[in-house]
Amino acid sequence: MKGIMLWLSLLLLPTLAQGGLENRVSLTVDDVPVGQVLQALAESEKRNLVLAPGVAGNVSLQLNEVPWSQAFKTVIESAGLYSRREGNVLRVYPGTWPAEQAARRAAQQPASLTSATLPLHYAEAAELVASITSGLKLLSPQGALVADKRTNSLMVRDTKAVVEQLKALIRDMDTPLGQVELAAHIVTMNQQSLRELGVKWSNGESDDGGVSVAADLSVANASTRLGFTIGHIDGRMLAFELSALEQRHQVEIIASPRLLASHQQPASIKQGSEIPYQVSSGESGATSVEFKEAVLGMEVTPVIQQGGRIRLKLRISQNMPGQVLQQAEGEVLAIDKQEIETMVDVKNGETIALGGIFQQKHKDGSDRVPILGQLPLLGGLFRHDGKDEERRELVVFITPKLVAVK
């Protein structure tokens with residue numbers, strides 16, 4: 001039977017509450033809202049009662065002749081509530097109210113801050129600060145994080161908990177980047193020399209899953225023509241083979257640079273010259289000299305992947321002096337500019353060949369019979385003078401190797 005049965009005994013017994021006298025209470029309730037029970041108890045003693053929002057739930061209990069204060073406390077504890085006295089007013093709150101108040105007071109009070117200097121061994125301090133402050137947002141509203149470029153360290157002032165989190169994060173992020181050694185050979189050779197080296201040009205998708213590119217980027221009426229191709233070669237004896245071909249005048253080695261690049265960091269080489277141009281400035285007619293590059297350039301950005309593979313982002317340019325153009329200021333030398341960008345996956349230690357830049361070389365030759373070919377008048381009968389044209393290809397060999405970082 002749901003409801004409230006409440007009565008007061010006629011005896012006044014001394015209690016410990018406030019050192020006064022209070023009535024005994026008998027109370028029987030069955031699944032009744034706790035607010036109604038508390039209001040009935042307050043009404044029996046003419047007490048002032050305030051129920052805060054969130055006070056909810058039902059109680060079932062039976063009390064026989066217990067002091068009023070004990071009855072009130074029993075109902076509060078049975079419903080998981082919290083009560084306190086303010087003057088002659090009883091206030092009842094949800095059970096979570098004390099913890100919420102403590103958290104609110106703690107948030108309003110200024111947090112205790114601590115300072116620390118965190119040295120870095122590999123990462124750039126400025127880049128790390130940008131990542132933490134913009135992306136991760138670990139700092140508290142009162143915290144501050146500053147990069148010291150001179151010592152490559154981080155200076156942080158924040159709560160102790162945040163500082164410890166930053167220390168753990170920096171231990172994970174301050175690691176050395178993988179490095180790649182790039183050995184390159186830039187040569188010019190004929191088709192026969194390419195066959196002797198065993199270069200296998202590929203078009204489209206290679207056998208090992210890497211991507212090769214073949215593109216015709218030739219410039220009309222240029223002194224060179226570019227049909228860019230990528231091939232693979234066994235590069236273990238490449239340097240010796242090129243040296244042997246050079247001694248036989250079948251290969252001309254232009255350069256053999258070695259570069260060391262970090263993961264996702266570009267490395268570049270250039271070889272050529274700068275051509276001066278006279279440039280007019282304004283109505284005054286004053287002229288100044290500017291220089292334009294006419295160079296063979298290569299930029300490589302390695303990306304270290306899992307399994308020992310290396311992805312190379314390649315940018316190759318072949319800019320050469322071209323035709324002489326007649327301008328009002330005089331003769332101007334044009335620059336034939338050819339560029340290509342591509343990406344290729346290479347195994348660690350594998351050599352790739354980049355070709356497709358062709359040049360025509362004119363050679364003046366003379367075959368003669370010794371002594372007789374040098375005779376005046378009659379020497380022409382024993383001598384053959386001729387001009388030969390040789391088509392040579394500019395080829396760049398690149399071999400990337402992973403370098404262990406200790």
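Trainee: What makes β10 and β15 paired strands?

Mentor: The two run antiparallel and are joined by 5 bridges. Two strands pair if DSSP finds at least two bridges between them, so β10 and β15 qualify. V180 has A261 of β15 as its bridge partner. Keep in mind that this is a predicted model: local features need pLDDT of at least 70, side-chain atom pairs need 80 or more, and totals for chains, interfaces and linings use all residues. Residues are numbered from 1 along each chain as its sequence is written, and side-chain values use heavy atoms, without hydrogens or water.

Trainee: Why is β10 called largely enclosed?

Mentor: Of its 11 residues, 9 are buried, so the rest of the structure largely encloses β10. Buried means under 20% relative accessible area, partly exposed lies in between, and exposed is over 50% (1.4 Å probe, protein chains only).

Trainee: What makes S26 and E65 a polar contact?

Mentor: A polar atom of the S26 side chain lies 2.9 Å from the backbone nitrogen of E65. A polar contact is a pair of N or O atoms within 3.5 Å; within protein, one must be able to donate a hydrogen and the other to accept it, and sequence-adjacent residues count only if both atoms are side-chain atoms.

Trainee: Which residues touch the most other members of the largest nonpolar core?

Mentor: L182, M298, L312, L314, I352, L354 and I398, out of 24 residues. Such a core is a set of buried Ala, Val, Leu, Ile, Met, Phe, Trp, Tyr and Cys residues joined through side-chain atoms within 4.5 Å. Elements giving two or more residues include β10, β15 and β21 (383-403). Leaving aside neighbours within four places in sequence, the contacts of L314 include I340, V344, I352, L354 and I398. Contact means heavy atoms within 4.5 Å. Another core, of 21 residues, lies apart; L38, V55, L63 and W68 are among them.

Trainee: Why are β3 and β5 called edge strands?

Mentor: The open sheet has 3 strands in the order β3-β6-β5, with mixed pairing. β3 (48-51) and β5 (81-86) each have a single partner strand, so one side of each lacks a neighbour in the sheet. The twist averages 20 degrees from one strand to the next. Helix α1 (residues 34-45) packs on this sheet, touching β3, β5 and β6, and its direction makes about 165 degrees with that of β3. Axes are lines fitted to C-alpha atoms, for helices over the stretch in contact; angles run from 0 to 180 degrees between N-to-C directions.

Trainee: How many helices and strands are there?

Mentor: The protein chain has 7 helices and 21 strands. Both are DSSP runs, numbered from the N terminus: helices are H or I with at least four residues, strands are E with at least two.
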